[in-house]
Amino acid sequence: MLDNMPRGTIVIEDLEVGMTRHLVKEITDLDIELFAQVSTDRNPVHLDDAYAMDTIFEGRIAHGMLTAGLISAVIGEQLPGHGTVYLGQTLRFLAPVRPGDHVRAEVEVMAIDYAKRRVTLDTRCLVNGKPVLKGEAVVLAPSGKFD
């Protein structure tokens, strides 16, 4: 996994609108199999080549929530980072992610409510520069004053 910043915490007092962080991860067959085991979602479109070839995707695809999990990794490890609590997330899946794809998960600060410690984040995932997922997250950011 490749990311653009060290892991840790950016407390709300240090956040600014426009801050961004990202990571890049190759989605492997093992990732898909492990996600299927953890989630218990064993839909054959994710696991069975022959089955998946006869679908609209014409091949196996990763679970959408596996891709979305990369957004969670950026939020929980980089922006705001350790101590962040998810309050909500919207997701729109725009294109399939396939085994072997390199997914770039990006998070950008859009709004900050310092009094409530709430941060609104634009979230997106791309493969070869093409959006495959878009959404918005609201999180409770850690504070240097209280944590």
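I take a residue as exposed when its relative accessible area is over 50%. I note at the outset that the model is predicted.

**Entry on Asn128.** I looked up Asn128 and found it in the loop between β5 and β6, the latter spanning 130-140. Its relative accessibility is 78%, so I record Asn128 as exposed, the cut-off being over 50%. I also read its phi, which is positive at about 55°, although Asn128 is not a glycine. I keep in mind that most residues other than glycine have a negative phi.

**Entry on Arg117.** I located Arg117 in the loop between β4 (102-113) and β5 (118-127). Is Arg117 buried or exposed? I find a relative accessible area of 18%, so Arg117 counts as buried, the limit being under 20%.

**Entry on Leu79 and Pro80.** I checked the peptide bond that joins Leu79 and Pro80 and found it cis, with omega at about 0°. I recall that most peptide bonds are trans. I placed Pro80 in the loop that runs between helix α4 (64-77) and strand β3 (85-93).

**Entry on Met53.** I looked up Met53 and found it in helix α3, which covers residues 49-53. Which residues does Met53 touch, when those up to four places away in sequence are not counted? I list Glu58 and Gly59.

How values were computed:
Residues numbered from 1 in each chain as written. Predicted model: local features only at pLDDT ≥ 70, side-chain atom pairs only at ≥ 80, totals over all residues. Heavy atoms only, no water. Helix = DSSP H or I, 4+ residues; strand = E, 2+ residues; numbered from the N terminus. Buried < 20%, exposed > 50% of the residue type's maximum accessible area, 1.4 Å probe, protein only. Contact = heavy atoms within 4.5 Å.
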